[in-house]
Amino acid sequence: MLEIRGLRVDYGLGDQAVRAVHDVDLTLHRGEVLGLAGESGSGKSTLAYGLTRLLPPPGVVAGGQVLHHRTDGPPVDVLALTPAQLRAYRWAETSIVFQGAMNSLNPVHKVSTQLHDVIRAHEPDSTRAGRRARARDLLRLVGISADRLDSYPHQLSGGMRQRVMIAMALALEPQVVIMDEPTTALDVVMQRQILGQLAELRRKLGFAVLFITHDLSLLVEFSDRIAIMYGGRIVEEAPAAQLYGRALHPYTDGLLHSFPALHGPRRELTGIPGSPPDLRAMPTGCAFHPRCPRAFAPCAGELPPLGPPADDDPRRAVACWLHPAGATAPGRPIPTAEPTDHP
Amino acid sequence: MRFLLQRTAFYLFTAWAAITLNFLIPRLVPGDPVQSLISRNQGRISADAIASLRVLFGLDRDQNMWEQYVDYWRQILHGDLGLSFTFFPTPVSTVIGDSLPWTVGLVGVTTVVSFLLGTALGVGAGWRRGSWVDALLPATTFLSSIPYFWLGLVAIAVFTGPGSFFPSSGGYEPGLVPAFDQYFVPSAVRHSVLPAATILVSSMSGWILSMRNMMVTVSSEDYITVAHAKGLSERRVALGYAARNALLPNVSGFALSLGFIVGGTLLVEIVFSYPGLGYQLFQAVGYKDYPLMQGIFLIITVSVLVANLLADVAYLLLDPRTRKS
């Protein structure tokens with residue numbers, strides 16, 4: 001569906017440039033939920049902004065490809081689209097639900113205006129009445145009564161605003177929805193509600209989701225596959241249940257022990273010592289080795305490649321010297337994982 | 001709606017307070033209008049004339065403060081602002097009525113034009129921040145820090161003189177009768193070019209700067225990123241999202257500047273001897289023409305209040321967050 005190949009994102013140009021995303025390869029399959037987790041500054045949001053070409057300056061996509069495979073016709077490279085093509089591509093094929101529900105809606109326009117203008121921008125032939133009916137249906141889809149159409153954003157609660165954003169993201173029935181910490185600003189009860197609704201909508205409409213969050217416990221429940229980012233690289237990628245059951249990378253393990261699970265047995269919580277790496281002065285070798293409790297000889301010297309570990313399920317991949325690559329050549333391609341049906 | 005009524009009530013109260021002060025201040029000043037007329041004519045007024053002047057100014061009746069106050073209000077409500085000393089015996093309302101169109105015509109038009117132009121340029125500069133347009137910004141900062149009147153003096157020194165197209169003073173060719181005909185209108189326009197350009201150059205820069213900075217601030221808001229992500233056209237994002245939101249502070253600034261049209265550009269009118277209200281006020285101060293000053297102050301007060309009310313209404317219309325449901 002969406003195939004990211006060797007994506008590199010820099011902040012700044014020339015000698016001053018700081019690389020926030022290093023040669024990331026990631027594939028989002030049709031209809032699946034792919035979780036992307038990591039600490040603040042791990043590059044997960046930068047990756048999302050980079051692949052949609054929404055990076056604010058001084059962010060620059062330094063290289064790579066983002067291939068969007070369509071059901072009809074050849075794949076397109078999002079990074080090579082002309083501005084007009086890009087405008088047509090955006091939202092119609094890949095829509096985004098952003099972090100700040102509070103600030104994602106323009107405060108001076110009615111909800112209906114903001115729903116209408118996206119439909120009108122992509123379907124100039126649509127009629128006013130048609131757009132209004134669509135907007136009505138969209139709100140109903142996310143469980144908001146249609147008379148809220150004429151409300152202004154400040155008249156809605158935080159949860160309602162985020163649901164309006166989700167409705168807006170689904171307005172053009174895109175194949176891919178990117179969610180960048182969509183529930184971070186909401187309380188836990190509202191988070192559950194919205195995620196439940198989202199899972200249901202996904203079953204109904206069949207779009208794929210790239211779900212970005214620092215809350216790994218949320219991903220374990222909600223996603224099919226999970227990729228973990230550290231220091232601008234993917235360090236582990238595995239089906240959600242496997243990752244939760246047995247994390248291979250010590251960083252993933254640390255993340256899993258940093259959150260209380262909402263369900264399941266009680267576990268002891270531990271944090272990860274140290275702080276995220278400075279992008280201007282990345283550690284040599286594995287970026288995690290200064291904080292890694294299990295670091296050993298090769299870690300500081302050489303960068304471990306991301307690949308399926310020799311002694312494990314071929315659907316997983318990890319970049320760690322504890323689990324060196326197996327028979328398959330290090331690096332890509334990763335065997336595809338079947339989307340599992342999650343409640 | 002309730003909010004609007006509250007504001008209106010507040011402004012009515014302020015207007016009452018201002019008018020009452022306007023009534024009190026001259027009465028606290030020693031002397032009376034007749035005395036100052038006598039001193040202006042250096043005693044060459046006969047006793048009979050003085051007596052009739054006292055009748056004319058209503059000083060013969062022995063009224064207490066309260067009766068005077070009631071009378072004052074009655075006069076104001078009838079549009080009677082008393083008689084001017086300078087143009088004695090022309091009523092103040094006539095003097096103001098003659099000079100107000102000049103001020104509104106010159107300063108009013110330039111204020112509106114400078115707001116529209118400055119805001120449009122500011123939108124452009126803010127949207128294309130980081131481009132060559134930014135190199136022009138120091139020039140606008142420089143221009144906005146120059147006082148009007150100094151720029152006016154420079155303009156007079158550079159552009160006027162014997163044989164020049166631009167006249168250095170006045171509102172129209174002496175000898176013409178104000179009327180909408182082919183002699184008067186071109187002359188009036190020609191006289192207004194330099195003062196208008198002066199005001200435009202120095203006031204527009206402020207609008208450009210503030211609009212540009214608001215655009216830059218608003219451009220980093222999340223909803224602008226969302227608008228881009230929605231695939232809206234560049235134009236729609238720039239105008240419907242960024243400029244629409246960045247405009248809010250500028251609009252209230254504009255409404256306030258409308259209030260200062262009447263009194264704010266006094267110095268330009270003085271420099272160009274332009275027959276507007278500011279020039280009239282300047283002369284009134286010179287001749288100690290209290291009734292005229294009072295009348296002009298009243299007009300200034302009322303226009304500032306009306307402009308404030310306009311600003312409130314504009315904000316109410318433009319920003320839904322200020323409307324209480």
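**Figure 1. α10(B) passes α14(B) in a right-handed crossing.** The model shown here and in the other views is predicted. The axes of α10(B) and helix α14 of chain B, residues 290–318, come within 7 Å and cross at roughly 165 degrees. Because angles over 145 degrees count as roughly antiparallel, α10(B) and α14(B) are roughly antiparallel to each other. On the α10(B) side the contact is made by Arg244(B), Leu248(B), Pro249(B), Val251(B), Ser252(B), Ala255(B), Leu256(B), Leu258(B) and Gly259(B). Helix α14(B) contributes Ser303(B), Val304(B), Ala307(B), Asn308(B), Leu310(B), Ala311(B), Ala314(B), Tyr315(B) and Leu318(B). By class, 13 residues of this contact are nonpolar, 4 are polar and 1 is charged.

**Figure 2. Helix α8 of chain B, residues 184–219, meets helix α10 of chain B, residues 234–259.** The two axes come within 9 Å and cross at roughly 140 degrees. The helices α8(B) and α10(B) are therefore oblique to each other. The crossing of α8(B) with α10(B) is right-handed. From α8(B), the residues in contact are Trp207(B), Ser210(B), Met211(B), Met214(B), Met215(B) and Val218(B). From α10(B), they include Ala238(B), Tyr241(B), Ala242(B), Asn245(B), Leu247(B), Pro249(B), Gly253(B), Phe254(B) and Ser257(B). The contact of α8(B) with α10(B) holds 13 nonpolar and 5 polar residues, and no charged ones. Pro249(B) is listed here and also in the contact of α10(B) with α14(B).

**Figure 3. Helix α5 of chain B, residues 92–127, crosses α14(B) at roughly 55 degrees.** The axes of α5(B) and α14(B) come within 9 Å. The angle makes α5(B) oblique to α14(B). Helix α5(B) passes α14(B) in a right-handed crossing. The α5(B) side of the contact consists of Val92(B), Val95(B), Ile96(B) and Leu100(B). Facing these residues in the contact are Pro291(B), Leu292(B), Gly295(B), Ile296(B) and Ile299(B) of α14(B). Sorted by class, the contact of α5(B) with α14(B) has 8 nonpolar residues, 1 polar residue and no charged residues.

**Figure 4. Chain B has 14 helices and 0 strands.** Read along the sequence, chain B follows the pattern α-α-α-α-α-α-α-α-α-α-α-α-α-α. Along the principal axes, the C-alpha atoms of chain B fill a box of roughly 85 × 60 × 35 Å.

**Figure 5. The second largest pocket is lined by 29 residues.** The volume of this pocket is about 890 Å³. Leu54(A), Leu55(A), Pro56(A), Pro57(A) and His228(B) are the lining residues nearest the centre of the second largest pocket. Three helices each supply at least two residues of the lining: α1 (44–51) and α2 (83–89) of chain A, and α9 (222–229) of chain B. The largest share, 5 residues, comes from α9(B). The lining of the second largest pocket divides into 13 nonpolar, 7 polar and 9 charged residues.

**Figure 6. The largest cavity holds about 60 Å³ of space.** The count comes to 4 cavities of 30 Å³ or more. Rolling a probe the size of a water molecule over the atoms shows where empty space is left. The largest cavity is lined by His249(A), Pro250(A), Cys286(A), Phe288(A), His289(A), Cys292(A), Ala295(A), Cys299(A), Cys320(A) and Trp321(A). Of these lining residues, 8 are nonpolar, 2 are polar and none is charged.

**Figure 7. The second largest cavity holds about 50 Å³ of space.** Its lining consists of Thr52(A), Leu54(A), Leu86(A), Tyr89(A), Arg90(A), Thr94(A), Ile96(A) and Ala229(B). The elements that give two or more residues to this lining are α2 and β6 (94–97) of chain A. By class, the second largest cavity is lined by 5 nonpolar, 2 polar and 1 charged residues. Leu54(A) lines the second largest cavity and is also one of the residues nearest the centre of the second largest pocket.

Key:
Residues numbered from 1 in each chain as written. Chains lettered and ligands numbered in written order. Predicted model: local features only at pLDDT ≥ 70, side-chain atom pairs only at ≥ 80, totals over all residues. Heavy atoms only, no water. 1 Å grid on protein atoms, 1.4 Å probe; cavity = no way out; pocket = protein on both sides within 12 Å on 5 of 7 lines; lining within 4 Å. Points joined across faces, edges and corners; volume = space filled by probe spheres on them. Helix = DSSP H or I, 4+ residues; strand = E, 2+ residues; numbered from the N terminus. Nonpolar A, V, L, I, M, F, W, Y, C, P; charged D, E, K, R; others polar. Axes fitted to C-alpha atoms, helices over the stretch in contact; angles between N-to-C directions. Parallel < 35°, antiparallel > 145°, perpendicular 65-115°, else oblique. Left-handed = near helix turned anticlockwise from the far one by under 90°. Contact = heavy atoms within 4.5 Å.
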